[in-house]
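Please consider the structure shown below with attention to its aromatic side chains. The paragraphs that follow treat their contacts with charged groups and with one another.

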Amino acid sequence: MQIGMIGLGRMGSNIARRLMRGGHGIVAFDHDEKAVATLGSEGATTAASLQDMADKLDKPRIFWSMLPAGAPTESTIDALIGLCAPGDIVIDGGNTFYKDDIRRAASCRMKDLHYVDIGTSGGVWGLERGYCMMIGGEKATVDRLDPVFETLAPGYGGVPRTPGRDPKDDRAERGYIHAGPAGAGHFVKMVHNGIEYGLMQAYAEGFDILKNKASGKLPGDQRFDINLPDVAEVWRRGSVVSSWLLDLTASALAQDHGLDNYSGKVADSGEGQWTIDAAMEEAVPAYVLSSALFARYRSRVDSTFGDKLLSAMRFGFGGHLELPRK
């Protein structure tokens, strides 16, 4: 299939590369001309503007926006709706608020356009590992795009199949799902990221406790100098707390035992707050997820070793940089 990829940052460029490796055609556009030229040198068709992209895509056209949530995505989707023709598909694969998807899908329907939202997880590793995708939109449109999702998804890999699952629809086992109508994909991804905050916070606090067991505030015979890289490494192997986040933790600690290259001022991209907002709307208690979000806010005032570990994990899976030191 031929896809117009808008936004060639860490995620957008690698999604385009994985699609090209799978035999799909890419028309690439970004305001960063160097990023466009780089992808062009790898086989993509380059576009100088959204209109130029539209002219170079086969009809009905598929536009995929991979931009930061907020104004960049809002203005781009508005522009696409203005230049699209009936039957075209507009995809938002960024970390968008799901209620914005619902509104945009309604605007698209008024012009006989199809809107698809994709919650995308995989970070900077997705090019090789594949992307976990949670997809919202009309069933017929999502089904039509299945060759694209199949190419991007990790596939079965080395994960054992779950006994008792319906073998007729194995998309979830291959790494992608049709979550529901417009907005459902980003809603599931939003909760995914809220859970991610909680998991990361648990590791951060645990390793902070381990590190501070050597504190001079404790009686001498109760002080232990725990080797944190070794703990992270042994927990990766057979422990019930093993995970990819722990793999990233082990890698960060092996390279920098004290995480001295991190300030511990932990940023957030919004999904954690949106998850708590949803919990409040639904009257669902979310003690761990809300605590993890507030811990990130606190880190910007008074950071700990655990906060440095949070920053190291965020950089490990997504290349996310810390907030600047003041």
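Which residue lies over the face of W244? In this predicted model, that residue is R129, placed 4.0 Å from the ring centre. A further case involves K213, which lies over the face of F224 at 5.3 Å from the ring centre.

Contacts between rings form the next topic. Across the whole structure, a search finds six aromatic pairs. One of them joins F97 and W274: the ring centres are 5.1 Å apart and the planes stand at 45 degrees, so the pair is classed as tilted, given that stacked pairs require planes under 30 degrees apart and edge-to-face pairs over 60. F97 is located in the loop between β5 (89-92) and α5 (98-109), whereas W274 belongs to helix α13 (residues 271-282); the pair therefore ties together parts that are 177 residues apart in sequence. Both F97 and W274 are buried. These two residues also belong to one aromatic cluster, which they form with Y98 and F187.

Another pair consists of F294 and Y297. Their ring centres lie 6.2 Å apart with the planes at 50 degrees, so this pair, too, is tilted. F294 and Y297 are three residues apart in helix α14 (residues 287-299), and are therefore separated by about one helical turn.

How values were computed. Residues numbered from 1 in each chain as written. Predicted model: local features only at pLDDT ≥ 70, side-chain atom pairs only at ≥ 80, totals over all residues. Heavy atoms only, no water. Phe/Tyr/Trp six-rings, centres within 6.5 Å; stacked < 30°, edge-to-face > 60°. Helix = DSSP H or I, 4+ residues; strand = E, 2+ residues; numbered from the N terminus. Buried < 20%, exposed > 50% of the residue type's maximum accessible area, 1.4 Å probe, protein only. Lys NZ or Arg CZ within 6 Å of the ring centre and 35° of its normal.
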